[in-house]
Amino acid sequence: MKPITKRMMRGLRVLLWVMLGIVLLFLSVLLVFRWVPVPTSAFIYHQNALHAAEPAIYKAANFEWTDWDNIPPELALAVLTAEDQRFPTHWGIDTIELRNVYDDWRAGKAVRGASTITQQLAKNLFLWNGRSYVRKMVEIVLSVSMELVWSKQRILEVYLNVAQFADVTFGVKASSKLLFDKEPMELTREECAMLAAVLPTPAKSNANEPSETLQKRHAWILKHMDKLGGVDYLKKL
């Protein structure tokens, strides 16, 4: 085993300082956007970059920010119901759901996703699509950091603004206008549940002409919104 040289120690110190700088920069960004509207996300930026490079092939991202007070409680509840019912109580990682996924894997069952809303937001804001252990580990670190710096309401507010609900359409405001020709606060309870229903595959799902699978998911969300206690569930945030 080679001894650790002074050069190696200097390199290690430089690496540690670089890593510390990245962490501090990230925390500074989180602190700023704890109050300031988020202007874009990694996914929105990527879509706009594709459009700029090949406008004849790729569309620009359809995105508008809207504040929490302009998001209907029924929509926030529908998204929690569909994506992360333990959102008010976990710290970015749902250990119960992870255990369930592990048990399914051990039993040879189909493995479903176990990402929380916080993890999905970390990926949408800062990372890239695709599956890898490296990306998942970074996603977990970012998720826990967000939970420490942002309130639960802020995490959900930003998620509802950058999540994709239709083809190249991000956020509840742009999606409400595109799909229902309404402002978010004008959406009915059924329309809120339909927006939540398309989240797993927004580019392939059509909220205006839902498939049988999408209709079943929509009905499930409406049923479980009631089981959670309605919009009073949001008081736990």
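User: Why does Val168 count as buried?

Analyst: This is a predicted model. In it, Val168 has 12% relative accessibility. The cut-off for buried is under 20%. The value falls under that limit, so Val168 counts as buried.

User: Where is Val168, and what is its phi?

Analyst: Val168 sits in the loop between strand 2 and strand 3. Its phi is about 50 degrees. That is positive, although Val168 is not a glycine.

User: What makes Asp181 buried or exposed?

Analyst: Its relative accessible area is 69%. Exposed means over 50%. The value passes that mark, so Asp181 is exposed. Asp181 lies in the loop between helix 8 (172-180) and helix 9 (189-197). Its phi is near 55 degrees, a positive value in a residue other than glycine.

User: What span is expected for helix 2, and how far does it reach?

Analyst: Helix 2 (residues 42-53) has 12 residues. The expected span is 1.5 Å times one less than that number. This comes to the expected 16 Å. From first C-alpha to last, helix 2 reaches 16 Å, close to expectation.

User: Which residues of helix 2 are buried, and what covers them?

Analyst: The buried residues are Ala42, Phe43, Ile44 and Gln47. Their cover includes strand 1, helix 5 (117-126) and strand 3.

User: How many helices and strands does the chain have, and how much of the chain is buried?

Analyst: The chain holds 10 helices and 3 strands. Of its 237 residues, 43% are buried.

User: What share of the contacts is between residues 24 or more positions apart?

Analyst: Among contacts with a separation of 6 or more, such pairs account for 69%.

User: How far apart are the mean positions of the positive and negative charges?

Analyst: They are 13 Å apart, for 29 positive and 24 negative charges.

Key: Residues numbered from 1 in each chain as written. Predicted model: local features only at pLDDT ≥ 70, side-chain atom pairs only at ≥ 80, totals over all residues. Heavy atoms only, no water. Helix = DSSP H or I, 4+ residues; strand = E, 2+ residues; numbered from the N terminus. Buried < 20%, exposed > 50% of the residue type's maximum accessible area, 1.4 Å probe, protein only. Contact = heavy atoms within 4.5 Å. Lys, Arg positive; Asp, Glu negative; His and termini not counted. Charge placed at Lys NZ, Arg CZ, Asp CG, Glu CD.
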